[in-house]
Amino acid sequence: MKILIVGYFNESAQSNIVRYFPQDWNVVVVPPEEEMLHHIKDCQVLIPEHIKVDHSLLANAQELKLVQTGAGFDNVDIPACTQLGIWVANAAGVNAQAVAEHVMALILSYYKNIPFLDSFMKNKRDEHQLDYTGSELQGKTIGIIGLGAIGKKVAAFCRAFDMNVLAYARHAVPQSDGLVNMTDLDTLLSSSDIVSVHVPLTPQTKQLINKEAFQKMKNTSLFINTARGGIVHERDLMDALKNGEISGACLDVYESEPLPMDSELRNLGNVILTPHTAGMPDGRKFHKKRYDFFINNIKRVDNGEEPESKLNQL
């Protein structure tokens with residue numbers, strides 16, 4: 001069994017990943033460069049971290065049985081895989097706890113001014129000169145766009161902080177617990193103190209949050225994106241932040257990753273940035289629950305079974 005993992009990993013991450021798989025499997029970890037094309041010819045499983053899986057790539061994959069992604073799958077041409085008899089599956093829900101915790105960490109860091117206060121103390125400034133504003137979460141309204149596994153976790157956490165929870169989902173399911181109020185997108189944007197995005201990147205959600213959306217939000221609102229960068233029109237976001245259309249943003253994902261060094265986002269004082277690590281609680285590029293899921297799915301396909309969380313039908 002040959003498993004090809006394509007992405008940018010340091011030596012430590014590569015070692016952790018390879019060691020986690022069964023020892024009798026041939027696990028190859030390579031960057032998205034020419035060497036990848038050599039290995040894809042005879043691999044049975046592809047785990048694509050930083051590549052597009054399209055017709056041109058699949059033409060070289062003679063023995064491929066499964067394309068296994070993490071939570072997101074916007075980099076995979078599912079119809080092309082289906083046409084070639086290749087299963088596609090994601091790991092839906094395995095990082096829900098990690099991402100939801102990260103969202104709460106961002107919210108608390110923003111409203112409690114943690115980055116500023118940490119810098120203040122480490123720069124050994126006079127505490128008598130301290131001047132900052134903060135806020136409690138109790139009574140604030142969070143608007144959650146997308147109520148899947150992650151969105152539901154975020155909603156539960158926010159209720160524990162005595163917050164009001166609004167949610168919008170294209171296929172809304174009534175919430176029997178009464179803790180989440182389903183609403184339309186415009187009402188959510190205009191009524192929320194915090195707007196957090198938890199939908200996959202699809203043609204329907206691409207640049208869903210744009211200039212028009214920011215103009216509907218309160219000028220005191222906080223925008224959070226831990227889903228996919230392409231869901232947001234990044235130029236419109238930067239304009240909204242600089243023009244005071246919204247108060248701030250907490251971002252873990254970006255239109256271009258890694259975030260360019262010259263991105264204006266790096267210089268905005270009302271923004272907290274993290275490097276697409278919300279779903280990786282065990283360290284950079286490694287998450288035990290995720291790889292447990294991968295291994296189980298690979299075994300299923302190898303045994304002639306359908307993968308869990310399949311995205312196509314063969």
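# Sheet and aromatic pairs in a predicted model

Strands S9 and S10 (residues 222-225) pair in the parallel sense over four bridges; two strands pair if DSSP finds at least two bridges between them. This is a predicted model, in which local features need pLDDT of at least 70 and side-chain atom pairs count only at pLDDT 80 or more, while totals for chains, interfaces and linings use all residues. Residues are numbered from 1 along each chain as its sequence is written, and side-chain values use heavy atoms, leaving out hydrogens and water. Helices (H or I, at least four residues) and strands (E, at least two) are DSSP runs, numbered from the N terminus.

**The sheet**

- Seven strands form an open sheet in the order S8-S7-S6-S9-S10-S11-S12, with parallel pairing.
- Its edge strands are S8 (181-182) and S12 (271-273), each of which pairs on one side only.
- Helix H5 (residues 96-111) packs on the sheet and touches S6, S9, S10, S11 (248-251) and S12, where contact means heavy atoms within 4.5 Å.
- The direction of H5 makes about 150° with that of S10; axes are lines fitted to C-alpha atoms, for helices over the stretch in contact, and angles run from 0 to 180 degrees between N-to-C directions.
- Helix H7 (residues 149-160) also packs on the sheet, touching S6 and S7 (164-168), and its direction makes about 170° with that of S6.

**Strand S9**

- From S9 (residues 194-197), Ile194 and Ser196 point one way and Val195 and Val197 the other, and all are buried (under 20% relative accessible area; exposed is over 50%, partly exposed in between; 1.4 Å probe, protein chains only).
- S6 (residues 141-145) pairs with S9 in the parallel sense over four bridges.
- Val197 stands opposite Ile145 and also opposite Asn225 in S10.

**Aromatic rings**

- Rings of Phe, Tyr and Trp (its six-membered ring) pair if their centres lie within 6.5 Å; planes under 30 degrees apart count as stacked, over 60 as edge-to-face and the rest as tilted.
- By this rule there are six aromatic pairs.
- Phe116 and Phe120 have ring centres 6.2 Å apart and planes at 45°, so this pair is tilted.
- Both residues lie in helix H6 (residues 114-122), four residues apart, about one turn of the helix.
- Phe116 is partly exposed at 31% relative accessibility, whereas Phe120 is buried at 2%.
- Phe214 and Phe223 form an edge-to-face pair, because their ring centres are 5.6 Å apart and their planes are at 85°.
- Phe214 and Phe223 are both buried.
- Phe21, Trp25, Tyr291 and Phe294 are linked into a cluster by ring pairs.
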